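Hello,

Here is the structure I promised to send over. Have a look at it first, and then read on for my notes.

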Amino acid sequence: MLIVDDDEAARSACIEIAVSLGYKAEGISKLDRVRSTLLQFPTDIVLIDLPSNSDSGLETVAEINALYPRIAIIAMAPVNSASVALSAVHCGASDYLNKPFTVDELASSLERAGGQTRVDAQARQLRERLRLHDGMGQMIGRTPQMEKLYRILSKVAQTTHPVLILGESGTGKELIAHTIHNFGPSAEKPFLPVDCGSLVPTLVESELFGYVKGAFTGANHAKEGLLVAAGGGTVFLDEIGELTLDLQAKLLRALQEREVRPVGATHRVPIKARILTATNRDLASMVEKGSFRKDLYYRLNIVNLRLPPLRDRRDDIPMLVAHFLNKINKEHPSRFSIHDEALRAMMQYDWPGNVRELENAVEHGATMTTGGEIQLGHLPTQLQQKPLAALHAAASAGRKKEEASEEDEIVPLAVRERIAILDAIRVTHGDKLRAASLLKIGKTTLYRKLKEYGISDPMRGN
Ligand SMILES: Nc1ncnc2c1ncn2[C@@H]1O[C@H](COP(=O)(O)OP(=O)(O)OP(=O)(O)O)[C@@H](O)[C@H]1O
Ligand SMILES: [Mg+2]
């Protein structure tokens, strides 16, 4: 609610009472600030002081009533000026209070006004809460880990420091880079991603720094590098751990001097872009081993954001599933939903491919179901198998009890083997040589088995 009163003591007393009654209250002293305040704050009730010797208060009441018919207006008028109060009601006030009034009088007037607007207010609060609490921007999740991330994110978005984004594959590194850009002051300017891992080093160099005509065979015309083209926008260097030592040196120089030398050029061009970087590799240990420059690491790592793996924030899974179902439902005539058992399996699964794997699983389910409801059987096979830990537990429990149902607990050898392989690849973060050695088999055997089980993307479990 908005309280308009030029008497400071009266205003703060009203705010205090309103807050104690559960309202969110804002106070202003001048009538001419009403309009801008209403634009700024969604308001249900305006409590407005009307001095007996001025008409401008009445005009304001009439204006609020015309522009915001759903706002309840309570006029406050001196006790001896019944005509002001009446005129206020005439102009659209729904109630009036004679000054001075008691706390109870104010409370019951607010109660009456509140009753009128409560339904609207609740709906709006719910929408607000949903909007605020689903996540931040496009990012879904409201577990404490994500909330903490949003807090840091909203701060770093306002700066131009480099940010190093860390996290396993599919945790949302690119999405968070976008969010930093979108919440920052240069959101209107370009956001240019460069995948340092998918291009050969010479291409990365010409992409980033640009080149002059004739710099190399095929360079028929000069091209601006992305660091220049971004202007005051953002360049997102993805998979920064893949940058060669030579390019690391060049990037460091560009960041230090805020200028680049295009390939084949003798001149330098100034750059203004903000640099965000991401990697799923352990850069600190690469620094120790000498494969990543320490000075560059420190320069990029002024702030770092570490995205938690999905298995460490399982409470976000239902919300993410709902989000991806909504996304599909928007583009699809039939409405998909999820069966409890399928959701339970999703809550228990380890998600080595994180949110991307979850998104794929929901899409897979939507493709497989015929009735619109995604059931356990419609999910990718790895979700239908019990996790290894559960298998161990079941096996030892079975041994103890020796019950008939033990037979039900027997899992085909091939399934166990498949799970063991996926687990080994997950814990070694995709290092197949180490995975093979943990499994005590040769690397070629591992490759053969991956092929045999049709596992093409082991980090994502399929
Ligand atoms: N918190 C989230 N809320 C909604 N969608 C998300 C979230 N995190 C990730 N996603 C979605 O999951 C997919 C993978 O995210 P993204 O590409 O940002 O991951 P990444 O960490 O960059 O992965 P990689 O290391 O494999 O490049 C995208 O489709 C992205 O929109
Ligand atoms: Mg990525």
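Lys223 sits in strand 11 (residues 223-224); helices (H or I, at least four residues) and strands (E, at least two) are DSSP runs, numbered from the N terminus. Lys223 has 19 C-beta neighbours inside 10 Å and therefore counts as partly exposed. On that scale a residue is buried with 20 or more other C-beta atoms within 10 Å of its own, exposed with 12 or fewer, and partly exposed in between, the C-beta atoms being placed from the backbone. Leaving aside residues up to four places away in sequence, Lys223 touches Gly210 and Tyr211, where contact means C-beta atoms, placed from the backbone, within 7 Å. Glu207 is 16 residues from Lys223 along the chain, with 8.6 Å between their C-alpha atoms.

A word on the source: this is a predicted model, in which local features need pLDDT of at least 70 and side-chain atom pairs count only at pLDDT 80 or more, while totals for chains, interfaces and linings use all residues. Residues are numbered from 1 along each chain as its sequence is written, and chains are lettered from A and ligands numbered from 1 in the order in which they are written.

Now to the helices. Helix 13 (residues 317-331) and helix 15 (residues 354-368) have axes that come within 10 Å and cross at roughly 50°; the axes are lines fitted to C-alpha atoms over the stretch in contact, with angles from 0 to 180 degrees between N-to-C directions. The two helices are therefore oblique to each other (under 35 degrees is roughly parallel, over 145 roughly antiparallel, 65 to 115 roughly perpendicular, and the rest oblique). From helix 13, Ile317, Leu320, Val321, Phe324, Leu325 and Ile328 meet Val355, Leu358, Glu359, Val362, Glu363 and Ala366 of helix 15. By class, this contact has 10 nonpolar, no polar and 2 charged residues (Ala, Val, Leu, Ile, Met, Phe, Trp, Tyr, Cys and Pro count as nonpolar, Asp, Glu, Lys and Arg as charged, and the others, Gly among them, as polar).

Ile317, Leu320, Val321, His323, Phe324 and Leu325 are the buried residues of helix 13. Their cover includes strand 7 (139-140), strand 17 (337-338), helix 14 (340-348) and helix 15.

There is a second pair to look at. The axes of helix 6 (residues 144-157) and helix 7 (residues 173-182) come within 8 Å and cross at roughly 50°, which makes helix 6 oblique to helix 7. Leu153, Val156 and Ala157 of helix 6 make the contact with Ile176, Thr179 and Ile180 of helix 7.

Best wishes

Definitions and conventions:
Two residues are in contact if their C-beta atoms, placed from the backbone, lie within 7 Å.
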